[in-house]
Amino acid sequence: MNPETEASAARLFFALWLPPEVARTLYTQAGGIVGKSGGKLIREEFLHLTLAFLGEVPELRLPELQAIAASLELPRVPVRLDRLGFWKHNHIVWAGCGETAPELSALAGKLQRALVPAGFLDAERAVTPHVTLLRKAAHPGELPALPAQEWTAGEFVLARSWRTDRGSTYEPVARWPLH
Ligand code: NAP
């Protein structure tokens with residue numbers, strides 16, 4: 001790949017990062033599953049819940065994107081993760097919730113709608129809130145119960161994802177408070 005082309009675009013997404021104690025609990029749970037499912041554990045400090053996936057964005061447009069994010073008045077949201085699951089289609093073991101809080105869907109929707117006019121997103125897409133714990137997993141069989149993990153998200157993060165020889169790396173680029 002041409003290094004100049006590679007350097008000129010960033011693979012970006014907006015997300016809620018997990019509080020450290022929640023990340024620890026989920027990482028520990030995933031550690032107990034990987035023996036059955038195989039796959040790759042997502043590192044504890046990378047665990048997040050995606051609100052909007054932008055894909056490749058020219059780096060030159062980062063200031064414009066950050067200005068849009070900074071202009072938003074988005075509310076704090078309750079998050080509850082109370083179940084583990086497996087998706088066959090993308091071989092992911094995840095933590096999610098039986099019922100999505102309407103506030104969380106509303107937050108993702110409001111953020112996404114703000115990104116459409118400038119072309120950072122083609123259209124708003126419904127989010128199925130989840131935290132990916134394991135990638136490239138086989139069916140794990142019956143999953144253990146997840147003691148409910150609940151918190152109020154107080155900020156949202158713009159993050160960049162990189163592919164490295166050792167798997168993906170997620171690097172927070174900027175963060176803004178939820179009010
Ligand atoms: P990624 O694809 O950059 O994803 C980062 C975050 O965005 C994850 O939370 C992911 O959700 C979410 N996301 C990705 N595509 C989405 C979409 N179309 N709609 C909604 N949300 C989306 O992260 P990754 O861990 O590096 O890679 C995941 C897969 O993409 C791997 O199979 C990888 O090979 C492939 N991929 C990665 C890169 C890279 O540079 N990181 C480049 C090309 C392809 P989930 O956690 O549910 O996936």
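Is Arg 160 buried or exposed? The points below take up this residue and then other parts of the model, which is a predicted one.

1. Arg 160. This residue belongs to strand β9. Arg 160 is buried, because its relative accessible area is 12%, and a residue counts as buried when that value is under 20%. A polar atom of the Arg 160 side chain lies 3.4 Å from the backbone oxygen of Ala 9. Once residues up to four places away in sequence are set aside, Arg 160 touches several others, including Ala 9, Ala 10, Arg 11, Leu 12 and Phe 13. Glu 59, Thr 169, Tyr 170, Glu 171 and Val 173 also belong to that list.

2. Arg 11 places a polar side-chain atom 2.6 Å from an oxygen atom of the ligand. For Thr 132, the distance from a polar side-chain atom to a ligand oxygen is 2.5 Å. Ser 161 likewise has a polar side-chain atom at 2.5 Å from an oxygen atom of the ligand. Taken alone, the ligand exposes 820 Å², of which the protein buries 65%.

3. Thr 132. Thr 132 is buried, because its relative accessible area is 10%, and the limit for a buried residue is under 20%. Apart from neighbours within four places in sequence, Thr 132 is in contact with Ile 42, Leu 47, His 48, Ile 92, Val 93 and Trp 94.

4. The nonpolar core. The largest nonpolar core comprises 57 residues. Within this core, the residues with the most contacts are Phe 14, Leu 16, Leu 26, Leu 115 and Phe 156. Strand β1 gives the most to the core, with 7 residues.

5. Gln 112. Which helix holds this residue? Gln 112 is found in helix α4, which covers residues 102–115. With a relative accessible area of 4%, Gln 112 is buried. The side chain of Gln 112 reaches the backbone oxygen of Leu 51 at 2.9 Å. Leaving aside neighbours within four places in sequence, Gln 112 is in contact with Leu 51, Ala 52, Leu 121, Ala 123, Glu 124, Arg 125 and Val 127. The C-alpha atoms of Gln 112 and Ala 15 are separated by 12 Å, and the two residues are 97 residues apart along the chain.

6. Positive phi values. His 91 is not a glycine, yet has a positive phi of about 60°. His 91 lies in the loop between β5 (83–87) and β6 (92–96) and is partly exposed, with a relative accessible area of 41%. Lys 136, again a residue other than glycine, has a positive phi near 55°. The loop between β7 and β8 (149–153) contains Lys 136. Lys 136 is exposed, because its relative accessible area is 70%, and exposed means over 50%.

Conventions. Residues numbered from 1 in each chain as written. Predicted model: local features only at pLDDT ≥ 70, side-chain atom pairs only at ≥ 80, totals over all residues. Heavy atoms only, no water. Polar contact = N/O pair within 3.5 Å; in protein donor to acceptor, adjacent residues only side chain to side chain. Areas by Shrake-Rupley, 256 points an atom, 1.4 Å probe, with all protein chains shown as cover. Buried < 20%, exposed > 50% of the residue type's maximum accessible area, 1.4 Å probe, protein only. Contact = heavy atoms within 4.5 Å. Core = buried A, V, L, I, M, F, W, Y, C linked by side-chain atoms within 4.5 Å. Helix = DSSP H or I, 4+ residues; strand = E, 2+ residues; numbered from the N terminus.
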